[in-house]
Amino acid sequence: MSKPLPYSMKDVHYDNAKFRQRSLIKVITQNALTSYAKRECIKCSTGKFLLLLMIFGVAYVMLTHTSNIPSSSVIKTKNVGTEEGKNFFTDGRGRFRKLWRKPPRLPPRLSPDEVVARNKSIHNSNKIDSGPDWKARQQRVKEAFIHAWSGYRKYAMGYDELMPVSQRGIDGLGGLGATIVDALDTAMIMGVDDVVQEAGSWVEQHLLERIEGKGQVNLFETTIRVLGGLLSAYHLSGGEHGGNASTKGPKPVVYLDTAKNLADRLLVAFTSSPSAIPFSDVVLRDRSAHPAPDGLSSTAEVSTLQLEFNYLSSLTGDPKYGLESMKVLEHMRTLPKVKGLVPIYINPQTGEFSGENIRLGSRGDSYYEYLIKVWLQNPGSNLTYLHDMYKESVEGIKELLVKKSVPSGLVFVGELPYGHHGSFSPKMDHLVCFLPGTLALGATKGIAKEKAMRENLLNFKDLENLKLAEDLAKTCFEMYSVTSTGLAPEIAYFKTEGGTESGPDGGNKKSEYVNDIIIKPADRHNLLRPETVESLFVLFRITEDPKYREWGWEIFEAFEKHTKVNSGGYTSLDDVTVLPPHRRDKMETFFLGETLKYMYLLFSGSDVIPLDEYVFNTEAHPLPIQGNARRK
């Protein structure tokens, strides 16, 4: 087995330069000096003796010293000039080091294990992409979506969310029919024309009236679910191409006009604030905005609006949407950070961060996600500062938040609830499982790893981040398999060397990691969240490793077994560690908008919503990379 790449390449003692050409002046000078030395040495017998001695010495070194150019597939180096590296003149095996030019750093290549896996993937590619097994599983996901929609349509049509056990609807997101808009582009991607017709007709007949008449909504939730869903539906229905790609539903312009009306009202959150940071809440009917009761906004919420508003500016030709939303990130660029990491609260009155709590779970997560995605959405723009902020934050995550559990060594991301100088908490929200997909996307820019390697598009840092992504995806999957139901809790804690955390396990005593993961009673619920499936989808597209499909299928089967409601819909659970689990009676909009969409795409070919042509907003609504997308 080849040794995996480490998370840090600080020990590598050669650089990435090609052979450097000497200047003509340097060549003439060195030749002159060399010729003069030769003449002076040969004039005397001592010189002749020394010349012979030098010749014999060079011959000895050439006979006894073998080249030590580092392997391009497995890199193992030692620090020169330290005890580990022995000394400057000899290597760890007692051989003389080269005293002349350092060998060039070769481009990264696949390790032997990756070559074997790649070859297996190639040989089985037809089976993976078009075989009846995966097509059948994809069809099962489509049927699950239809079942979820049927429950919503029967008992909650027009409400934000379905309560499938009590068979009624509730408005918890402002009353804009959030499930309808969230599910619309999923139905388009799956080709469920009946749902496209039903959802599209409701948008055309009712949504504009709701927007103009409803009261308070959350800026973030409304942007990612409703505005993002409308913009994605516009694109997927052929709006940018002047036609209607779908055989069902209203004309694409209906979606765009509704999105524009909504965005015009949401803009007041930006323009009412005394700083570049928008207020958190908007009253739609009178176009007013105000801060949350505690006066603070979530860092993730204010920095997770830009994909949607930028795209709307591109579609309408009106720059005001993109300009207002991008002021947030431009301002955050100037604020102090801890190795690229930021607190989870920010004050819209002052524009400054509030508190020291640093985490990648709730209120922090999508800040990091949108740094890379907004940059990817706008190639060739002047947004390289976002890529720089993303890279800095990833290094901060690896240095300050990434740890390993004991006894089995799961890689996880913890928290710093009291800041950089406070104690480390081995707590990891399920929400953090967005990170493997984001790291993989940041490493290859959505291109399959094999292609990126072949075209020398990756450096060692990219491969390092991709390795971390795969390790974290493994941990996220084990958060499912460690429980009695095979479904992940909302929050998990990890045992660490010298740590003090203790508590009950997930209930699956057969799991190899049952002693690594702690699930506390208050954290045992499951909300049908999509983050792990999202990362499995991205990693499968990039690595083409079929294990991610297998893991996704196991998760889907657990959803089917424990959360499906026979009368229609799926329900969240109160406790994933016991059998049978108690049902919580709530189907979140993101189950249709994200979880089932990512599951379906996991079993699709790579030409369906290609990752190098689209970015997904944080609610899984695909938006085209500017100038680079084709229709589905």
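**Terms and values**

Author: The chain exposes about 27,700 Å², and carbon and sulfur atoms supply 52% of it. Accessible areas come from the Shrake-Rupley method with a 1.4 Å probe, and for residues only the protein chains shown count as cover. This is a predicted model, in which local features need pLDDT of at least 70 and side-chain atom pairs count only at pLDDT 80 or more, while totals for chains, interfaces and linings use all residues. Residues are numbered from 1 along each chain as its sequence is written, and side-chain values use heavy atoms, with hydrogens and water left out.

Reader: What makes a residue count as buried, and how many of the 632 residues do?
Author: Buried means under 20% relative accessible area (exposed is over 50%, partly exposed in between; 1.4 Å probe, protein chains only). Of the 632 residues of the chain, 55% count as buried.

Reader: Why is helix 16 called largely enclosed?
Author: Helices (H or I, at least four residues) and strands (E, at least two) are DSSP runs, numbered from the N terminus. In helix 16 (residues 435-444), 10 of the 10 residues are buried, so the rest of the structure largely encloses this helix. Among them are Leu435, Pro436 and Gly437. The buried residues pack against helix 14 (365-377), helix 15 (384-400), strand 10 (411-413), helix 18 (460-481) and helix 19 (531-543). Just after helix 16, Lys445 has a positive phi of about 60°.

Reader: What makes a set of residues a nonpolar core?
Author: The set consists of buried Ala, Val, Leu, Ile, Met, Phe, Trp, Tyr and Cys residues joined through side-chain atoms within 4.5 Å. The largest such core has 153 residues, of which Phe145, Leu207, Phe309, Met332, Leu386 and Met587 touch the most other members. Helix 18 gives the most to this core, with nine residues.

Reader: Which residues are in contact with Met332, leaving aside neighbours within four places in sequence?
Author: Contact means heavy atoms within 4.5 Å. On that basis Met332 is in contact with Thr299, Val302, Ser303, Lys337, Ile346, Phe353, Tyr367 and Met389.

Reader: How do you know that strand 7 and strand 8 pair?
Author: Two strands pair if DSSP finds at least two bridges between them. Two bridges join strand 7 (residues 345-346) to strand 8, and the two run antiparallel, so the pair meets the definition. Tyr345 stands opposite Ser354 in strand 8. The open sheet of three strands has the order 6-7-8. Strand 6 (297-298) and strand 8 (353-354) stand at its edges, each with a single partner strand, so one side of each is left without a neighbour in the sheet.
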